[in-house]
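Here is a friendly walk through one protein model. Have a look at it before reading on.

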Amino acid sequence: MRISRLAAAAVTLTFMAAGCSSVNPTAADPAPDEPSSIRVATFNASLNRPAPGQLVTDLQGENTQARAVADVIAANSPDVLLVNEFDYSGDDAVRLFNDNYLDGQYRHSFTAPVNTGVDSGLDLDKDGALGGPGDAWGFGQFPGQYGMVVYSKFPIATESVRTFQNFLWKDMPDSLLPRDYYGDVSDALRLSSKSHWDVPIDVNGKTLHVLASHPTPPSFDGPEDRNGKRNHDEIRMSADYISGADYLYDDKGVRGGLEQGASFVMLGDQNSDPVDGDSVGSVTDLPIVEFAFPGPLRDMLVAAVLIGEKTSTASLLVQYVDEELPRVGNRGAVVDSAGDVVAVIETTGVEIVALCDVSLQHALDEGEGYVDVAHWRAGHERFWQSAEVREELGDPHFSVNDDTQVVLERFTLV
């Protein structure tokens, strides 16, 4: 059941595992056969330093900034945490921060090299000289500056982590790579300004994929907008990975994206302010998709979309009098009852049929627990003939029959 309405909305990232409940298990209290919900957070801590090794030195003693960061983390107590702008120095700083500031509460962690500060050997900033932060694969004074670390109270499947530090920008189809600016060195450019990671975490026997990244700020450039375009494509890379794009390859040469149906959460400082920033487009540019009206029914339908159970919906043709019908390839931003964007879907099929011709497969794919077409029709007739829909249509006596035209739409999460 979908009501079609276009609007702007603020972006809120929400993670929902399959079969989520209000239970908050811990690593010490596993329940493999029970549904699980966990607290996941991302924090740009600005624990970057102007020289290599300085963060390690600072964390060996009592550092005011690190203590303030730790206090914020303690107040929120996430089970899984991505810290951005945490200088990479192997595991030393990671261990020191956990032991000296986080009371050792995170038994598991993952960090890896990033592109910031890694010299490209090319004049990427066009200043006529080689070397320096502007000629690194990602802006930085030294290798590892502005790095990342994932902390977890649950085990990390480190052998299955995928990193995309070396993925080349040229290998993204239809990218925004500004070849006019970079010229002959265009094909050598790495896309990730830091890196993109897929970090699988074992949450009571179920795998949660933490998709971590930190795209470059879409500024500090010229009219060529090289950083803005890179920011756009770094964010697009995460979206394409979630969609399972086969053009992607990781640092081990393994191709493809996230497995269909996998549980995931996308974390990181995306540097993409949809209102005041210089980003190239945003999710707020998408038409809003509303399933039913705000309340329990919408919450149920949105939850089914997020876990992949709901892949189709139906609308009345008369609801599209003042707006365009959905088309294959269209994308929309799904909002919850609070009006926050929680997902993006892409239309994969559209069909207009009489109500009496709706198929069993469509009814099942709506993911609302229908067992046959009659069951589906009864539920939809109650909704379409409700006071809310009649008010929206401006017809207090509206009703449906066998010949009522309905729009059947299929979609996929992106």
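This is a predicted model: local features need pLDDT of at least 70, side-chain atom pairs count only at pLDDT 80 or more; totals for chains, interfaces and linings use all residues.

Residues are numbered from 1 along each chain as its sequence is written, and side-chain values use heavy atoms, with hydrogens and water left out.

**The whole chain**

The protein chain has nine helices and 14 strands; helices (H or I, at least four residues) and strands (E, at least two) are DSSP runs, numbered from the N terminus. Of its 414 residues, 46% are buried, where buried means under 20% relative accessible area, exposed over 50%, and partly exposed in between (1.4 Å probe, protein chains only). The accessible surface comes to about 18900 Å², and carbon and sulfur atoms hold 50% of that; such areas come from the Shrake-Rupley method with a 1.4 Å probe, and for residues only the protein chains shown count as cover. Look at contacts (heavy atoms within 4.5 Å) with a separation of 6 or more, and 71% of them link residues 24 or more positions apart.

**A four-stranded sheet**

Now zoom in on an open sheet of four strands, in the order β2-β3-β5-β4, with mixed pairing. Strands pair if DSSP finds at least two bridges between them. At the edges stand β2 (40-47) and β4 (108-110), each with a single partner strand, so one side of each has no neighbour in the sheet. From one strand to the next, the twist averages 20 degrees.

Here are the pairings, each with one facing pair of residues:

| Strands | Sense | Bridges | Facing residues |
|---|---|---|---|
| β4 and β5 | antiparallel | three bridges | S109 and Y151 |

How many residues of β5 are buried? Five of the five are, so β5 is largely enclosed by the rest of the structure. In a regular strand, side chains alternate between the two faces of the sheet. In β5, M148, V150 and S152 point one way, while V149 and Y151 point the other way.

**Helices across the sheet**

Helix α2 (residues 64-76) lies across β2 and β3, running at about 170 degrees to β2. Helix α3 (residues 92-101) lies across β2, β3, β4 and β5 (148-152), at about 45 degrees to β5. Axes here are lines fitted to C-alpha atoms, for helices over the stretch in contact, and angles run from 0 to 180 degrees between N-to-C directions.

The helices α2 and α3 also pack on each other, at an angle of about 70 degrees and with axes 11 Å apart. The contact is made by A66, R67, V69, A70 and I73 of α2 and F97, N100 and Y101 of α3.

**Two loop residues with positive phi**

N271 has a phi near 50 degrees, a positive value in a residue other than glycine, and belongs to the loop between β9 (263-268) and β10 (288-290). Is N271 buried or partly exposed? With 22% relative accessibility, N271 counts as partly exposed. A292, in the loop between β10 and α6 (296-306), has a positive phi too, near 60 degrees. A292 is buried, at a relative accessible area of 0%.
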